[in-house]
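Please have the viewer open while I talk.

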Amino acid sequence: MTTQAASGPGGLAVRCEELVHIYRTGDLDVVAVRGVDLVVEPGERVALLGPSGSGKSTLLAMLGGLLPPSAGRVWVGDDEIGGMNERALLRLRAQRVGVVLQGAARNLLQYATPADNVRFAHRSLPRSRRRAVLPPLELLDALGLGPVANHPVPSLSGGEQQRVALAVAVANGPGLLLADEPTSQLDHHGRDAVLDLIDTVHDRFGTTVVVVTHDPEVGGRLGRTVTMRYGRVGQEGRSGEQFAVVGKDGSVHLPDELVVEWPPGTEVVVERDGDALRLLRRPR
Ligand code: ADP
Ligand code: MG
């Protein structure tokens, strides 16, 4: 564990090298993540975009140590988490990484109230760090959950549970926040409250943030976008500008609208023209 993380806040870097995850279900293997290279700098905020089934949730779960890589390597801060045992991973999540899984209810203790859920997360911190983080009730208030703080979790709406899950994930003032579609059940007020809290946490703790989302507004507010397609990173966006990413095998993902016009298997000639490349479709 790094000295910086042990003593308090600070954003954690994330690095993946040729990261692969294969789900083995009976006779069938599903390659959900097929060779992802990705670097997220400490304190950077990234939106993970891409169509359903492109591997976003699988990648996020590997970054949080909730799914083991089938191949490749992944680091959070100085720790290579692919090789860590379950106990070390639990400690990492309790103290330095906040995770919101897809499907709000999965993140919460259903028999406890929102206030207790957040307090439990808070309590797993060493005493020296508890004073530095946001108090549980303040966190719930920031998300408009003050009035339901002491209600049973199952009586809350999906959107309320989703916000409680975020409050739990940031209760430890994490160095890395991983959130899988944290605004999918929220109206624009709820979404803004979530984004504002992510900003607060980022400003206060230097937190690195990776958020899976379908909402372009969320992508726009986080600054950097990484778009997945078929288990690979196909596109990066920075400050609104989009870039295709050259893969290890030299492949480049075409923009979606071109894939319709030029379906897989289309043969092209690649011509060099100074710094530019020209793709010419072979006439049919
Ligand atoms: P996304 O979050 O982008 O929608 P996922 O990471 O959930 O994508 O899924 C990527 C691929 O892995 C999909 O083809 C999906 O059907 C498959 N998949 C996801 N979870 C499982 C699982 N538990 N068992 C088998 N296949 C899975
Ligand atoms: Mg998903």
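This is a predicted model: local features need pLDDT of at least 70, side-chain atom pairs count only at pLDDT 80 or more; totals for chains, interfaces and linings use all residues.

Let me begin with burial, where buried means under 20% relative accessible area, exposed means over 50%, and partly exposed is in between, all with a 1.4 Å probe and protein chains only. By that criterion Thr113 is buried, with a relative accessible area of 16%. As for conventions, residues are numbered from 1 along each chain as its sequence is written, chains are lettered from A and ligands numbered from 1 in the order in which they are written, and side-chain values use heavy atoms, with hydrogens and water left out.

Staying with Thr113, this residue lies in the loop between β6 (97-100) and α4, where helices (H or I, at least four residues) and strands (E, at least two) are DSSP runs numbered from the N terminus. Its side chain reaches the backbone nitrogen of Asp116 at 3.1 Å, a polar contact being a pair of N or O atoms within 3.5 Å, where within protein one must be able to donate a hydrogen and the other to accept it, and residues adjacent in sequence count only if both atoms are side-chain atoms. Leaving aside residues up to four places away in sequence, Thr113 touches Ala149, Asn150, His151 and Val153, with contact meaning heavy atoms within 4.5 Å.

Next, the ligand site. Which residues surround ligand 1? They are Tyr23, Thr25, Val30, Ala32, Pro51, Ser52, Gly53, Ser54, Gly55, Lys56, Ser57 and Thr58, a residue being near a molecule or strand if one of its heavy atoms lies within 4 Å of it. Turning to individual atoms, an oxygen atom of ligand 1 is 2.5 Å from an N or O atom in the side chain of Thr58, a polar side-chain atom of Ser57 lies 2.9 Å from a ligand oxygen, and a polar backbone atom of Gly55 is 3.1 Å from an oxygen atom of the ligand.

The helix α2 is itself largely enclosed by the rest of the structure, because 7 of its 8 residues are buried. Those buried residues are Lys56, Thr58, Leu59, Leu60, Ala61, Met62 and Leu63. Just after α2, Gly65 takes a positive phi of about 70 degrees.

Between the C-alpha atoms of Ser184 and Lys56, which are 128 residues apart along the chain, the separation is 15 Å.

Finally, Thr227 in strand β9 (residues 224-229) is buried, with a relative accessible area of 16%. Its contacts, again not counting residues up to four places away in sequence, are Leu49, Gly50, Arg232, Val233, Gly234 and Gln235.
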